[in-house]
Every structure is written in C-alpha cells, then in structure tokens.
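Please open the model in your viewer and keep the selection panel at hand. The stops below are meant to be taken in order.

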Amino acid sequence: MSAKLGEVLLKEGLITPQQLKEALDYQRANGGRLGSILVTLGMVQDEAITSVLSRQYGVPAVNLDLFDVDPNAIRLLPEETARKYMVMPLARNGSTMTLAMVDPANVFAVDDIKFMTGLTIEQVVVSELSLERALARYYAPEKGLVLAEKMSEFSAGLNDQFNLGNLGGLAAAPASAPVNLDEAMNEINEALGEGDLEVSEAPTEDVLDLSASSADEAPVVKLVNMILVSSLEYGASDIHIEPYEKEFRVRFRVDGLLREVMRPPMKMRAGLTSRIKIMAKLDIAETRLPQDGRIKIKLKRDAGVRDLDFRVSTLPTLWGEKIVLRLLDKEKLMLDMTKLGFEPESLEKFKRQIAKPYGMVLVTGPTGSGKTNTLYSALSSLNTPDTNIMTAEDPVEFNLTGINQVQMKEQIGLNFAAALRSFLRQDPNIVLVGEIRDFETAEIAVKASLTGHLVLSTLHTNDAPSTVSRLMNMGIEPFLVATSVNLIQAQRLIRRICTECKAPAKTQPPAQTLIELGFTPEEAAKTTIYEGTGKTKDGRECPKCKGSGYKGRVGLYEVMEMNDELRELILIGASALELRKKAIEHGMLTLRRSGLRKIMEGITTIEEVVRETVL
C-alpha cells in the first residue's frame, strides 16, 4: 500500500520525490504507516491523506473529530481488534455496520470483522491520528466494553473449536425448510420490534450489555440469543435442549405441549451447552452432576424494557447434558383471580378462605399446573401496608413488591422447615411455604396455622380429597388436619381454543357420547362443541395460533371448602372417595365438571378436558 499511496501523492503534487524518499527512509528505520509518517513530518495535511484514500478506493472520508460515534456501536468490536486493524465501528443499521478504517485495502481485516460480528461491512476512510484520538476517547475501560471483549474472545474460541462457518443447515420445525440463522434472527427481531438483548449472569448483579448486535454474536452466541428471544415470540413456558446419539434438538413447551422448533448441527452441542451454563453461572467443567442456575434477560423494545428470567436446569444423560430453561415472564403473571378461569362459586369459596386470619389453604396439582400463579394472585389481593407477608420458595419465581421472599438454599441447611421456624419469630400475618415435602415442614405449617397465622402452600396430589390422605401419610394426626385446613384446591391447565379461528366443530359428537363424558342429558342436548380450525377464512395458516387451533391456557379448579361434616369424616379416618362424595354433596365442582363447564362455554375442546381429568 505504501508505494501506491506515495505514487498517488506524487502524482497529485502533494509531496515531492525528496519528501517521499525521506518518509520511506523514516519508515524503514522506525516502522509505521506512510500516511501517518508524512503527517508527523509535516509534509502533508491529515485531511489530504484521507481525501486521497477516499478517491483511490471509492469510499467516503470521515473526520472522526467532528463525528458523533454511537456508543452502542463501540460494543460491536473489542478494543484489541480495533487497534490491531486500526479500525473503529461507527454505527449499525440493521445487519450493516459502518466501519472506519485507516487502510480500506486491508481485506483481511474486513473478512475477520465480518466473520466475528456476522454483519455486512460498510467502509469509510479516516486518518490514523484522528482514529487514535477516537480510540482513546471511546474505548474507555468500562465494565460493559470489557465484558464484550471477553465474550468476543470466548465466541471466537468456540468458532475455532467447531469451525462453524455458515449455519445455513439449521432446521426450524421438522416440516419447514432449513433457514439461515441471520435471516431467522432478523425475522424474530421484526416480530418483536427492533431492540437489544441484554444478559445479566445473575439477578442480583448489574445488567451487562451483551446485545444481539454485539461483537460476541458468533454463531453459538447468536444461536443461544435466538433461542431465548424466539421462545418469547412462541409464547413458550419451557425450552428443552436435548442431545441424542445422532441428533440434537430444541423443543418449546407452548400451552402445555412440547413442539420441536429446530435441530442445530451436532457439532454445536458442546458449544451451546457451555454458553448457556456460563450465562447461568454454572460450572462448565462439571458434566456428571445436575446443576441449577438462572439467567436474567433485559429485552429493549420501542415500548420500553422487558425483564425476563430463565430458570436453568442441567441433567447428565447418555449422550450429553440435557438443558431445560423455564421462562419466568412477569407479563404472563396473572394476578387478577377473576381472570384465571375460576367458576364463580369456586372463586367465592377461595376468596372467603384466604380472607380468614388463620388456618391453612392448600393448592395441589402437578408441575406446570399454575399453582404458583394462583398463590401469587392470592398474596397480591392480601398485600396491604398493615399485613406482614413472608414466603419461602424454591426458587423465588417472581419478585412481588411489599412481600418478604426467601430463597431456599438446601446446601447450607436453609430448607422449608428451617425457614418456617424463622418466619414464626418474624411476627408474620401470612406465610407462604413453596411446597410441603416432608413431615417436618407439614408439622410446622400445621402448628403455624393453629397459632394465628394464615398459611398458604402446595402439594403434589391428583385431586383435592386425596390431599387429606397425603397429609396423614406424612404423619400428621387426623385431628390436626381437620382443625387446621380451611380449603384444598386442585387445579390443572388446559389449552384455550384460538379466538381468531374458532368455529363450531364440523362433526358434533352424539348426545350419548357427551353423557358418557359427564354431561347431563339436558346439557348434552343443547351443547355446541367448538374447535380451532387453525386456518383463516381464506385458507391460510392462522397467524395467532400458528395453525394449532389453540392459543393460551385456562385453569380447571376443584375447590373443597372444609365444613363440619367433612371434618368429622377426617377425624374417623374416612377415605378420599368418601370425602369426595360428601364434598360434591356440598357443591364442590370436580376438575372434570369444571372442564365440562368450559366446553359448554366454548372455551376449550373435549380432547383437552379428557387429557387432564377423569370422571
């Protein structure tokens, strides 16, 4: 390049042959770029060099002393790389980065930076001295920039390790054609609104900028960001990343059912696992034991910043570590009990019992049945300035203002029983125990409910009446169960019919079939069964439910409110079946009956209710 620049400067009469000779001699003795040497020796002006280079290579010239550089653009490239190639990112527009260069002919620099960032490079030429001043000004040793550099090095290491190159082979849903990772990320950004993704390695630390537009957007990092953000677009509650002998797949749990969304290349398995474990502050060297962690996401959108939490669980399997991320989205937390799906009479019973000053309210159901949402809704309605509410949770899923929440730490002895003992010395009015797992926790919770505290908790049982048997199997005396428990509620979540493509079912089941499901003959005669077609009126795939016919979920509730007759049955050791019959006599709606009500209202389908309930 030196000879070429010198020839151009000579041709344009900006320097003399003698000056060029002196500059070349200086360069041989001291090193450096010819243009910078000519300026340093006072033979030519800075602006003249950039003007010549601009015309020579057909790229615009920029005076960095007068240019306002976008601070976010600086994060696209670590300082080490910028100084190595004498370049500086000025701005980003979509998938294009404007890059200031001292030497626009350095194709190695352009290729390296393009590979590192995954962006198209748009060059502008600047003088070396102005670039040096700009590098000193903008690459301050700030936390975010230092982190970006470290993550860039990590990403580059992954690239070298796996030789990933182009990820065009990444498959979306099984029936779809392969998609390009860049295109997929752009589509997701368009669907969500243009924004930055920021990741914090722990919810207690400052948020660190690892945006989707940052320099660490190497293939593995880009893929992880895409999976996290696209789970939000799908409305997923969980992300399953599963390794097998000859394939590697990613599935989202959407409205309670798993759906395969992509099959990344096998060579990305180790890199993807390591990236997620680092983000969740897990030990990447430990692959033999299960681990649990958490990732906090800040998604910047036009409407503002959206906070997302991912609860991360790793499990060693035969072919590698399976990772499950539970999306804890505050915007999906429904704190209005009237919108959860309660029948009016069930909601009235539930509200009546949580309003009592003492006693125990138990919510039961399998994992993912909405128990936490129900309890948070109850706490939200009870949260007033004159009430002391304390919770023991494992983990704390959502932060609720005005409520004292404690995270369990089994490894140091802080379990539910230990926390509950401490709570009783903290003058509480209401206590939430995340789960009653053993006799010790159950015993303390029962005693707390009998000494002037309202205790809310969860259990894993199939229905409300069997919860009584479960407590007694744990070792709680029948008279303690009868006197302490105010209400037991079992619940399930089923999918709602998509409101955009909802229509009466083409084939209505015969009345006898409906009667066998639990409908009365009168109800069977007048009930119209609805379904989601999954298509718009013009035959295209429904954009709201993506062709599934379902969008969102609603709860089924079985609320067993204690009364004198039920308490007497508990005292004499009655079975769950006897308790169930007596509770139904007193107006308890079973899970199946709650589901039939929702079928009659056109909220869900027969298949959903049958999948989650029994007669």
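Begin by selecting Leu362, Val468, Val485, Ile488, Met560 and Met562, which are the residues with the most contacts inside the largest nonpolar core, a set of 53 residues. A nonpolar core here is a set of buried Ala, Val, Leu, Ile, Met, Phe, Trp, Tyr and Cys residues joined through side-chain atoms within 4.5 Å, where buried means under 20% relative accessible area, exposed over 50% and partly exposed in between, with a 1.4 Å probe and protein chains only. Bear in mind that this is a predicted model, in which local features need pLDDT of at least 70 and side-chain atom pairs count only at pLDDT 80 or more, while totals for chains, interfaces and linings use all residues. Residues are numbered from 1 along each chain as its sequence is written, and side-chain values use heavy atoms, with hydrogens and water left out.

Now centre on Ile488 and show its contacts, a contact being heavy atoms within 4.5 Å. Leaving aside neighbours within four places in sequence, Ile488 touches Leu362, Thr364, Ala464, Thr467, Val468, Glu558, Val559, Met560 and Met562. Apart from this core lies another, of 32 residues, among them Phe248, Val261, Met262 and Leu327.

Leu379 is buried, with a relative accessible area of 0%, and, its neighbours within four places in sequence left aside, it is in contact with Ile389, Thr391, Ile403, Ile430, Leu432 and Leu456. Although Leu379 and Leu456 are 77 residues apart along the chain, their C-alpha atoms are separated by 9.1 Å.

Then select helix 15 (residues 416-423), whose buried residues are Phe416, Ala417, Ala419, Leu420 and Phe423. Looking down the axis of helix 15, you will find these buried residues within an arc of 165°, so they line one face of the helix; the arc is that of the directions from the helix axis to the C-beta atoms. Their cover includes strand 12 (389-393), strand 13 (404-407), strand 14 (430-433) and helix 16 (439-449).

Finish with the cysteines. How many disulfides does a search of the whole structure find? The search finds zero, a disulfide being a pair of cysteine sulfur atoms within 2.5 Å. For Cys498, the nearest cysteine sulfur is that of Cys501, 3.7 Å away, and Cys498 is buried at 0% relative accessible area.

Notes: Helices (H or I, at least four residues) and strands (E, at least two) are DSSP runs, numbered from the N terminus.
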